[in-house]
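Have a look at the sequence and the 3D structure below. Then we'll walk through a few spots in it, one at a time.

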Amino acid sequence: MSFQSDIAEAPRPAQAPLVAGARLKDSHGRAITDLRVSITDRCNYKCVYCRTGNEGAQYSELPIADYLRIVRLFVSLGIDKVRLTGGEPLLRKGLTELIRELATLRTTAGEKLDIALTTNGHLLEDQAPRLKAAGLSRITVSMDAVDAPTFERITRVPGSFSKVVTGIRAAQAAALAPVKVNCVLLRGFNDDQVPLFARFAREEGVIVRFIEFMPLEEDRLWTPESVVPIREVVARLETVRPVVRLQPNSHSETAVRYTFDDGIGEVGIIAPVSQAFCGQCSRVRLTSDGKIRTCLFSQSDHDLYSRMRGGASDADLTEYIIQVIEKKEARHHIGEPDFLKPSRSMVHIGG
Ligand code: SAM
């Protein structure tokens with residue numbers, strides 16, 4: 001079966017909520033409006049802070065049509081932003097068709113869905129124009145260094161640096177702008193890159209966001225000392241030029257945003273460890289094998305897909321999603337004595 005016919009045959013739930021007036025809200029009063037969907041567990045990079053380098057995909061993928069059915073249900077419940085991720089989403093056959101179908105959906109407010117994608121950028125040069133044409137709104141490229149030797153020590157893939165930079169430029173040329181570039185900082189690996197990234201943001205016109213390292217790796221690398229906290233990143237940025245704080249774009253903004261004193265370049269810092277933002281969390285995740293995760297640090301998944309495969313109706317699945325979201329965790333416990341590593345690492349959840 002081709003991906004096109006696969007999608008054409010998928011059941012099409014109504015856009016109106018199947019449980020009248022239902023909106024996703026958890027028991028802590030947070031509205032859940034942001035869905036992250038992993039569309040494959042495979043990845044072509046072996047970043048040292050993410051993967052052991054010895055293991056491949058651990059979880060299955062669903063047919064594209066099934067992701068689409070699930071996203072439709074979530075959208076009918078008030079989701080207005082969908083981010084496709086992985087694994088590495090550009091490896092997934094049927095991605096363009098999925099985006100094309102997502103672009104036809106409307107939120108409960110009748111607006112177009114905000115469709116974003118997180119990628120390592122390795123395969124972006126070829127794909128950027130068709131992703132844009134299919135209806136992709138925004139793209140985030142993960143890039144953890146701006147010099148080739150450091151970058152390739154992290155990804156463990158020779159030639160990866162030039163592929164990613166070319167991919168970023170292709171995304172800008174395809175008007176997927178402003179392209180965001182996410183860099184996870186690890187002390188001793190790439191913390192010296194902060195000033196270089198500041199220059200990269202200013203020269204390339206991308207928004208760079210530094211993200212604190214979280215205990216979500218396959219291996220056991222994380223220690224509190226490996227995290228480069230926000231105040232240290234700001235101090236390193238100021239070696240380039242004085243920084244000026246920018247207003248958040250929205251209530252649920254996770255990045256603390258800065259520009260420089262001449263107004264050129266934007267840099268953000270996302271500090272889930274040193275300045276947790278769980279109180280504003282609006283996210284829910286779907287793993288590649290169709291499990292709902294209500295927090296990156298959840299100890300268990302909620303098996304939506306087995307219900308779907310078992311023949312559950314859209315109304316049954318909607319009820320199930322509402323119940324699962326109600327139980328979303330209040331916050332994570334990184335750095336606390338009772339912290340337990342989550343049951344999956346980042347690459348197998350979808351970041
Ligand atoms: N392959 C895609 C990519 O590279 O962006 C999508 C999946 S990747 C797991 C998503 C993001 O998670 C990347 O930006 C990666 O740097 C980040 N990430 C992975 N492990 C992390 C960790 N332990 N702490 C913080 N971010 C992490």
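## Around Arg307

Leaving out residues up to four places away in sequence, Arg307 touches Ala312, Leu317 and Tyr320 (contact means heavy atoms within 4.5 Å). Arg307 sits in helix α9, residues 304-309 (helices are DSSP runs of H or I, at least four residues, numbered from the N terminus). The C-alpha atoms of Arg307 and Leu317 are 7.4 Å apart, with the two residues 10 apart along the chain. Arg307 counts as partly exposed because its relative accessibility is 36% (buried is under 20% relative accessible area, exposed is over 50%, and partly exposed is in between, using a 1.4 Å probe and protein chains only).

Before we go on: this is a predicted model, where local features need pLDDT of at least 70, side-chain atom pairs count only at pLDDT 80 or more, and totals for chains, interfaces and linings use all residues. Residues are numbered from 1 along each chain as its sequence is written, and side-chain values use heavy atoms, with hydrogens and water left out.

Is Thr96 buried or exposed? Thr96 is buried, because its relative accessible area is 9%. Thr96 belongs to helix α3, residues 95-102, and touches Arg130, Leu131 and Ala134, not counting residues up to four places away in sequence.

Pro129 is part of helix α4, residues 124-134. With a relative accessibility of 47%, Pro129 is partly exposed. Along the chain, Pro129 and Ala174 are 45 residues apart, yet 5.2 Å separates their C-alpha atoms.

## The nonpolar core

Now for the core. In soluble globular proteins, nonpolar side chains tend to be buried together. Here, the largest nonpolar core has 109 residues, and Phe74, Leu84, Leu102, Met143 and Phe210 touch the most other members (a nonpolar core is a set of buried Ala, Val, Leu, Ile, Met, Phe, Trp, Tyr and Cys residues joined through side-chain atoms within 4.5 Å). Helix α2, residues 64-76, gives this core its largest share, eight residues.

Which residues does Leu102 contact, apart from neighbours within four places in sequence? They are Leu68, Val71, Val82, Leu84, Leu113 and Ile115.

## The ligand

The ligand is surrounded by 18 residues, with Tyr49, Gly87, Glu88, Ser142 and Met214 the closest (a residue is near if one of its heavy atoms lies within 4 Å). A ligand oxygen is 2.5 Å from an N or O atom in the Ser142 side chain, and a ligand nitrogen is 3.0 Å from an N or O atom in the Glu88 side chain.

Notes: Polar contact = N/O pair within 3.5 Å; in protein donor to acceptor, adjacent residues only side chain to side chain. Helix = DSSP H or I, 4+ residues; strand = E, 2+ residues; numbered from the N terminus.
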